[in-house]
Amino acid sequence: METQAPAAAKSSGLSTVVNTIASPSEAFETLRTAPTWGWALIIAIVLMFIGAYLQGPATRHAGVTQAQQMMATSSFFAALTPAQKQQAIARAGQPSPWPYVGLIVVLFIAVFFNALILLIGNAVGRGQADFKRLWAGSMNIAVPTFGLGSVVLGIITMLRGPDAFNSNLDVVRAMPSLAYLAPHVSAATGAFLASISVFTLWGLFLNATMLRVTGRTSAGAAYGFAALVTLIGALFAAGGVAMLHNFGMG
């Protein structure tokens, strides 16, 4: 028993993050005995911050364009004076630390709900995982899905240039996704399709692998609940965009 503990410690942490990308089955087997997520959290946040920085020119240009449209067309801002409207437009084009704080909040919320839904799938599939292990696995999965996905999107926006983006939805739709197949749909439908991207499909596969390996569930339960996570995420994205449009902000 004295030789097993060091082996588990050696195979956790940073190597688990790497294996989540390179060898998922090995990573999730490790998480059965060493459910660590500290390195995953750090790496995911760093990658998301890099991605947000790279996306900055595109998102700020989109923010200014959207602000101009809102001030001109939305009754929500009718009470503002011309000077206040101009100030709001100028503020939309300035860098701010708050989006970075928001990324951390979104990361924890997404990981929590990912683990919670998979915990239900684990129970339905009569699996062996618990919330602690599914949380650790979900945080490791966030590295390729949220972290690497954010960096890739940042690179795409840099290559296309900020003038190509007139709304936040334009930025989201730049990620390779089902939205490429239907460029002229409504904003809410576009957000839904954009949420079915290369990286969310990668996340679907990793979630299913985690349920199968860490939870020992059936393939049907694993892929069914992994697909449910992806679907719910896409529906939330579509609902958020629809809500913004109702307030004249999209």
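Colleague: Where does Trp37 lie?

Modeller: In this predicted model, Trp37 sits in the loop that links H3 to helix H4 (38-73).

Colleague: Is Trp37 buried or exposed, or something in between?

Modeller: Relative accessibility is the value to read here, and anything under 20% is called buried, while anything over 50% is called exposed. Trp37 comes out at 31%, so it counts as partly exposed.

Colleague: Which residues is Trp37 in contact with, once its neighbours within four places in sequence are left aside?

Modeller: Trp37 is in contact with Phe108, Trp135, Ala136, Met139 and Asn140.

Colleague: How should I read the crossing of H2 and H3?

Modeller: Start with the angle between the axes; over 145 degrees would count as roughly antiparallel. The axes of H2 (residues 14-22) and H3 (residues 24-33) cross at roughly 140° and come within 6 Å. H2 and H3 are therefore oblique to each other.

Colleague: Which residues meet there?

Modeller: From H2, the residues are Thr16, Asn19, Thr20, Ile21 and Ala22, and they meet Pro24, Glu26, Ala27, Phe28, Thr30 and Leu31 of H3. Sorted by class, this contact has six nonpolar residues, four polar and one charged.

Colleague: Let me pick one of those. Is Thr20 buried or exposed?

Modeller: Thr20, which belongs to helix H2, has a relative accessible area of 0%, so it is buried. Not counting residues up to four places away in sequence, Thr20 touches Ala27, Phe28, Asn140, Ile141 and Leu206.

Colleague: One last residue, then. Where is Ser177 found, and is it buried or exposed?

Modeller: Ser177 is in the loop between helix H8 (168-173) and helix H9 (187-194). With 13% relative accessibility, Ser177 counts as buried, even in a loop. Its contacts, beyond neighbours within four places in sequence, are Leu193, Ala194, Ile196 and Ser197.

Notes:
Residues are numbered from 1 along each chain as its sequence is written. This is a predicted model: local features need pLDDT of at least 70, side-chain atom pairs count only at pLDDT 80 or more; totals for chains, interfaces and linings use all residues. Side-chain values use heavy atoms; hydrogens and water are left out. Axes are lines fitted to C-alpha atoms, for helices over the stretch in contact, and angles run from 0 to 180 degrees between N-to-C directions. Helices (H or I, at least four residues) and strands (E, at least two) are DSSP runs, numbered from the N terminus. Angles under 35 degrees count as roughly parallel, over 145 as roughly antiparallel, 65 to 115 as roughly perpendicular and the rest as oblique. Contact means heavy atoms within 4.5 Å. Ala, Val, Leu, Ile, Met, Phe, Trp, Tyr, Cys and Pro count as nonpolar, Asp, Glu, Lys and Arg as charged, and the others, Gly among them, as polar. Buried means under 20% relative accessible area, exposed over 50%, partly exposed in between (1.4 Å probe, protein chains only).
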